[in-house]
Amino acid sequence: MDVPEGKWSDVKFVTDNIQELCDKVKLKVEEKTQKDFKEYKAVFYRVLDMLVLHYVIKVTIRGEYLHLWVIQSASTGELIIQLMGVQQHHKWDDPLKPFDENNKC
């Protein structure tokens, strides 16, 4: 990964690995939003490496966009992926910024 530890990356186009990460938290996203997503495709992301990888990911759902905060850790030797927060009602050109669960839309 080409991101200095402790610094958020620039916005990047999604890779297959990032889409897989989003797919793994899709059920949790549907639970938090109380919606069923037929279309669910990641488009952009940013990452922060602080021993645990933090991702902010923009996902399209029928012309609307979600911002997801997902963490990925392998510190115990086991890969752990966890959804930390969801922001709804974003637009295509809304900046992809880090957020916390207390600051969700």
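Modeller: Strands (E, at least two residues) and helices (H or I, at least four) are DSSP runs, numbered from the N terminus, and two strands pair if DSSP finds at least two bridges between them. This is a predicted model: local features need pLDDT of at least 70 and side-chain atom pairs count only at pLDDT 80 or more, while totals for chains, interfaces and linings use all residues. Residues are numbered from 1 along each chain as its sequence is written, and side-chain values use heavy atoms, leaving out hydrogens and water.

Colleague: In what order do the strands of the open sheet run?

Modeller: Strands of a sheet pair through backbone hydrogen bonds, either parallel or antiparallel. Here five strands make an open sheet in the order E1-E2-E3-E4-E5, with antiparallel pairing. E1 (12-13) and E5 (80-90) are the edge strands, and each pairs on one side only.

Colleague: How many bridges join E2 and E3?

Modeller: Nine bridges join E2 and E3, in the antiparallel sense. One residue lies between these strands in their hairpin, and Leu 51 takes a positive phi near 70° there. On the other pairing, E3 and E4 (residues 64-73) are also antiparallel, over nine bridges. Their hairpin has two residues between the strands, and Arg 62 in the turn has a positive phi of about 55°. Val 56 has Trp 69 in E4 as its bridge partner.

Colleague: Is E3 mostly covered or mostly open?

Modeller: Buried means under 20% relative accessible area, exposed over 50%, and partly exposed in between, with a 1.4 Å probe and protein chains only. E3 is mostly covered, since nine of its 10 residues are buried. Tyr 45 and Tyr 55 are both buried.

Colleague: How many aromatic pairs are there?

Modeller: Rings of Phe, Tyr and Trp (its six-membered ring) pair if their centres lie within 6.5 Å; planes under 30 degrees apart are stacked, over 60 edge-to-face, and the rest tilted. The count by this rule is six. One of them, Tyr 45 with Tyr 55, is tilted, at 6.3 Å centre to centre and 50° between the planes. Tyr 45 is in E2 (residues 41-50) and Tyr 55 in E3 (residues 52-61), so this pair ties together parts that are 10 residues apart in sequence.

Colleague: Which residues do ring pairs link into a cluster?

Modeller: Phe 13, Phe 44, Tyr 65 and Trp 92. Phe 13 also stands opposite Phe 44 in E2, and Phe 44 has Lys 58 in E3 as its bridge partner.

Colleague: Which ring does the charged end of Lys 58 sit over?

Modeller: A charge sits over a ring if NZ of Lys or CZ of Arg is within 6 Å of the ring centre and within 35 degrees of the ring normal. For Lys 58 the ring is that of Tyr 65, with the charged end 5.7 Å from its centre.
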